Amino acid sequence: MAEILVLVDHVDGEVKKVTLELLTLANRLGEASAVWVGAGYDGAKDKLAEYGAQKVYVGADEELASYVVAPKAALLAQLVQEKSPAAVLVAATGEGKEVAGRLAVKIGSGVLTDVVDVADGFVAEHSIFGGGTIAHAKVTTGTPVIAVRPNAVAAEAAPATPAEEQVTVALSDTDKGTKIVEKVVQEKGERPDLTEAAIVVSGGRGVGNAENFKIIEGLADSLGAAVGASRAATDAGWYPHQFQVGQTGKTVSPQLYIAVGISGAIQHRAGMQTSKTIIAINKDSEAPIFELVDFGVVGDLFQVAPQLTEEITKRK
């Protein structure tokens with residue numbers, strides 16, 4: 001089967017869930033080969049094997065992790081030249097899409113970003129125009145470079161015994177243009193990361209103020225979910241901008257998305273349209289969000305959300 005390179009997204013050796021999703025997708029289309037850059041591989045190799053990595057290219061050279069983005073693109077470009085893979089998959093995160101763009105330029109190929117599925121022949125599916133249209137696209141020149149949205153594919157364990165190959169690449173002066181001089185670890189709460197969470201509960205203008213976001217957090221915590229917010233809520237200062245879901249915020253594709261007090265403006269829909277199941281709670285029965293949902297509750301969020309939280313908690 002054709003080899004497909006998967007760039008491992010990790011933080012100090014902790015593999016992010018999107019990588020496991022990419023391995024699953026790669027094995028559906030061919031044979032997954034993981035590309036590891038940086039330290040921490042020994043603590044992560046069992047996880048990569050569990051989710052089907054048939055081979056792992058290990059770029060453990062400290063220099064590769066000492067600069068921003070460019071070394072990853074350089075290493076992938078070298079592997080594409082040497083191994084002739086059928087495609088390269090990366091996560092459609094901010095860094096992943098930059099790697100994808102740089103790689104495509106280096107190898108003279110086409111690049112597809114924000115992909116939500118890939119079919120045989122590497123035909124990619126996109127959700128565009130605020131989620132109102134589904135488009136299909138295919139790279140016609142070179143090795144396809146495809147950036148896939150987190151949560152677009154369900155990760156499936158497929159235990160393997162991967163071969164390992166140590167790799168490195170000579171970095172140019174351009175690749176060394178931006179050096180990492182310090183890393184600051186952001187404190188993480190108990191909630192899952194917004195872009196990787198299986199369940200997301202978001203609050204909007206209807207929440208009313210920052211204090212009322214405790215209602216959203218309570219519902220989210222009862223479900224083990226991440227908390228999101230609409231642009232209206234973050235612009236009003238009710239919730240931090242890092243949790244904004246939408247065209248100018250983060251894109252999420254959870255198994256379950258609950259929109260509380262969100263009208264459903266097109267820019268918000270663009271960030272959550274591909275969620276597998278969508279539930280909305282809104283007192284306005286004419287709110288655009290109801291055009292999109294699988295289940296809708298027309299009612300006062302200040303009554304419905306606490307009751308829902310209470311019922312969920314009872315069933316635990």
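## Terms and model

A residue is called buried under 20% relative accessible area, exposed over 50%, and partly exposed in between, using a 1.4 Å probe and protein chains only. By that scale Glu63 is partly exposed, because its relative accessible area is 27%.

The structure above is a predicted model, in which local features need pLDDT of at least 70, side-chain atom pairs count only at pLDDT 80 or more, and totals for chains, interfaces and linings use all residues. Residues are numbered from 1 along each chain as its sequence is written, and side-chain values use heavy atoms, leaving out hydrogens and water.

## The parallel sheet

Let's start with an open sheet of 5 strands, which run in the order 13-12-14-15-16 with parallel pairing. Strands here are DSSP runs of E with at least two residues, and helices are runs of H or I with at least four, both numbered from the N terminus; two strands pair if DSSP finds at least two bridges between them. At the edges sit strand 13 (226-229) and strand 16 (295-298), each pairing on one side only. From one strand to the next, the twist averages 15°.

Within this sheet, strand 12 (residues 199-203) pairs with strand 14 (residues 256-260) in the parallel sense over 5 bridges. Val200 stands opposite Tyr257 in strand 14. Helix 5 (residues 213-223) packs on the sheet and touches strand 12, strand 13 and strand 14, where contact means heavy atoms within 4.5 Å. The direction of helix 5 makes about 170° with that of strand 12; axes are lines fitted to C-alpha atoms, for helices over the stretch in contact, and angles run from 0 to 180 degrees between N-to-C directions.

## A buried asparagine

Asn151 sits in the loop between strand 10 (145-148) and strand 11 (163-166). Asn151 counts as buried because its relative accessibility is 4%. Leaving aside residues up to four places away in sequence, Asn151 touches several residues, including Lys17, Glu21, Thr195 and Lys276.

## Salt bridges

Side chains of opposite charge can pair when their charged atoms come close. Counting a side-chain nitrogen of Lys or Arg within 4 Å of a carboxyl oxygen of Asp or Glu as a salt bridge, the model has 18. One of them joins Lys176 and Glu63 at 3.3 Å, N to O. This pair links distant parts of the chain, 113 residues apart.

Glu95 and Lys72 form another, with their closest N and O atoms 2.5 Å apart. Glu95 lies in helix 4 (residues 94-107) and Lys72 in helix 3, so the pair ties together parts 23 residues apart in sequence. Lys72 is buried at 19%, while Glu95 is partly exposed at 40%.
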